[in-house]
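Have a look at the model first.

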Amino acid sequence: SFCRGRQPVHLSTLPHGLAALNSAAMVFRLALFLGLAFIVSASHKDIEGVVNSTAQVIDTLQEKGAIAEKRFTNFSKFDRQLDKIGHEAEADFDAHSYSGKTKVFAELAQHASKKARESTATTNASIAEELSDEAEAALQNMTRVGSEIDAMEQGLHDELQDALAAKLDPELAIADKFSHEASHLQKMAHSMMDPLYSWGDAAEDKADKLNDHTNDALSVVDKVVRTYRRHITGHSREVQRGVERKLFGSQDRTATWRKVDREVRAAAWHTLHLRYAASALMLSLQLGSVGGLALLAVTSAAAVVGAVIASFVTMMRSTQRSDYQLLSA
């Protein structure tokens, strides 16, 4: 009386999770039932009984192939869901702030490069030093802004990647579970038909046919699931690349930074060279005609300045490496 009026529940009406659980339960019940039937048939060398039990497993595997073709051949529906995630990430990105920062970065690069070239072109040590300092300050600001841009790009990349994975991973799990269940049915069929190979030529012929049907049925499932899996994984990557390419463009800030940094370093070296030349000339004038002493003093001064220059260059190279690592992090 309790069951009167109840309608049968079909897999197509269940959510994916419940459908998967129900499918797994059906496979288990089928395996249990057919396993018992197979034991009875095999114990009596009942060829037809083994063939029929194996054929039922193959029928179930073929049905799985039909369900797979229905479930996993419509790429467009899932593609649209991934596309929607990409559109939402694009809309949430602060494109105005990003554009402003990239503009400031470019302006600072131009300013630092201009001041560095002006410093290198002059022979006045004081002016060269002033222009070099200005170029160095612009480079430091350029590095800071570049790091802020990098952070914005990395933030969008990570958020979009996580959102796509949240949609993609459960779908891949469903496909993998479906493939695993089909593989389990194939192994079950092979295990059930194995005794036929030791029951004579006629039984062996039947086993060969069953084996062909089993492998063909599994091939259908594998091909459909593999194609679907490869497509949706590839489309997820396309969405990621497409959004980033649209928002970030093709600018190469690292190459720009390296070029400006070389110019600023050259200006700093030029300034030190001018300072050294001016100091050497002043020493020579102050010492006047005291030849040997003058030569000794100049040589000593040169050694001191050389040490200072070497120390400065080492410091600059260290700064360059840390700046570059910061920008490309």
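At 13% relative accessibility, His-235 counts as buried (buried means under 20% relative accessible area, exposed over 50%, partly exposed in between, with a 1.4 Å probe and protein chains only). This histidine, His-235, sits in helix α6. Leaving aside residues up to four places away in sequence, His-235 touches Asp-79, Leu-82 and Asp-83, where contact means heavy atoms within 4.5 Å. His-235 and Asp-83 are 152 residues apart along the chain, yet their C-alpha atoms are separated by 8.8 Å.

Before going further, a word on what you're looking at. This is a predicted model, in which local features need pLDDT of at least 70 and side-chain atom pairs count only at pLDDT 80 or more, while totals for chains, interfaces and linings use all residues. Residues are numbered from 1 along each chain as its sequence is written, and side-chain values use heavy atoms, with hydrogens and water left out.

**Overall picture**

The protein has eight helices and zero strands, so by definition we're talking about DSSP runs here (H or I of at least four residues for helices, E of at least two for strands, numbered from the N terminus). The pattern along the sequence is α-α-α-α-α-α-α-α. Of its 329 residues, 34% count as buried. Take the contacts between residues at least 6 apart in sequence: 85% of them join residues at least 24 apart.

Mean pLDDT (the predictor's confidence in each residue, from 0 to 100) is 82 for the protein, with 71% of residues at 70 or more. Over residues 36-44 the pLDDT is below 50, and this stretch has twelve contacts in the model beyond near neighbours in sequence. Residues 317-329 also stay under 50, and there the model has 18 contacts beyond four places in sequence. Where pLDDT is low, the predicted coordinates should not be read in detail.

**How the helices pack**

In the table, axes are lines fitted to C-alpha atoms, for helices over the stretch in contact, and angles run from 0 to 180 degrees between N-to-C directions.

| Pair | Angle | Axis separation |
|---|---|---|
| α3 and α6 | about 25° | 10 Å |
| α3 (residues 75-92) and α5 (residues 125-193) | about 160° | 10 Å |
| α2 (residues 47-71) and α5 | about 160° | 9 Å |

Angles under 35 degrees count as roughly parallel, over 145 as roughly antiparallel, 65 to 115 as roughly perpendicular and the rest as oblique.

On the α3 side the contact includes Phe-75, Phe-78, Asp-79, Leu-82 and Asp-83, and on the α6 side His-231, Ile-232, His-235 and Val-239 are among the residues involved. By class, this contact has eight nonpolar, five polar and four charged residues. Here Ala, Val, Leu, Ile, Met, Phe, Trp, Tyr, Cys and Pro count as nonpolar, Asp, Glu, Lys and Arg as charged, and the others, Gly among them, as polar.

What about α3 against α5? These two are roughly antiparallel to each other, and their crossing is right-handed. Phe-78, Gln-81, Leu-82, Ile-85, Gly-86 and Ala-89 in α3 meet a set in α5 that includes Leu-156, Leu-160, Leu-164 and Leu-168. The class count for the α3 and α5 contact is nine nonpolar, two polar and two charged residues.

Then there's α2, which is roughly antiparallel to α5. Here α2 passes α5 in a left-handed crossing. Among the contact residues are Val-50, Val-57, Ile-58 and Leu-61 of α2, and Ile-174, Phe-178, Leu-185 and Met-192 of α5. This one comes out at 14 nonpolar, four polar and four charged residues.

**Two partly exposed residues**

Asp-222 is in helix α6 (residues 201-248). Is Asp-222 buried or partly exposed? At 25% relative accessibility, Asp-222 counts as partly exposed. Its C-alpha atom is 6.4 Å from that of Ser-179, 43 residues away along the chain.

Ala-66, in helix α2, is also partly exposed, at 46% relative accessibility.

Terms used: A crossing is left-handed if the near helix is turned anticlockwise from the far one by less than a right angle, and right-handed if clockwise.
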